[in-house]
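Could you walk me through how to read this model?

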Amino acid sequence: MDRTSAADKAAALAAGDEGGAKLGSFVVSLGDPTEQGFWLRSSLVTAPARGRVVTDEGASIAVDLLPGSGAAQLSLPAFRALGLPLTGLPEVTVYSG
């Protein structure tokens with residue numbers, strides 16, 4: 001279901017090294033696998049914005065931060081690019097900007 005190109009993954013991973021204001025740490029679940037792109041949906045976000053997600057292992061990726069309700073969800077392409085287990089509930093740190 002992940003139709004993201006290798007070039008798109010590489011660009012998102014490279015852009016994930018940028019700074020930004022720390023929003024907090026969250027346990028994330030897999031979001032809708034049919035919704036393409038690199039995004040994180042969270043109740044902490046009130047308007048769409050750019051940001052990044054960093055794993056406990058230090059891997060980071062640029063994402064679109066999207067408003068949501070309930071538990072935080074991370075896109076399938078972001079899960080795969082970060083090497084996160086699809087059935088896991090990993091903790092990530094989220095930055096805006």
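This is a predicted model: local features need pLDDT of at least 70, side-chain atom pairs count only at pLDDT 80 or more; totals for chains, interfaces and linings use all residues.

A: Residues are numbered from 1 along each chain as its sequence is written, and side-chain values use heavy atoms, with hydrogens and water left out.

Q: How many helices and strands does the protein chain have?

A: Helices (H or I, at least four residues) and strands (E, at least two) are DSSP runs, numbered from the N terminus. Here there are two helices and six strands, in the order α-β-β-β-β-β-α-β along the sequence.

Q: What does the radius of gyration say about the protein chain?

A: The value is taken over C-alpha atoms, and the globule rule is 2.2 Å times the number of residues to the power 0.38. For 97 residues a compact globule would come out near 13 Å, and the protein chain has 12 Å, which agrees.

Q: What share of the residues is buried?

A: Buried means under 20% relative accessible area (1.4 Å probe, protein chains only). In the protein chain, 40% of the 97 residues are buried.

Q: Which strands does β1 join?

A: Two strands pair if DSSP finds at least two bridges between them. Strand β1 (residues 21-30) runs antiparallel to β6 (residues 91-96), with six bridges; there, alanine 21 stands opposite serine 96. Three bridges also join β1 to β5 (residues 72-74), and that pair is parallel, with valine 28 opposite alanine 72.

How values were computed. Buried means under 20% relative accessible area, exposed over 50%, partly exposed in between (1.4 Å probe, protein chains only).
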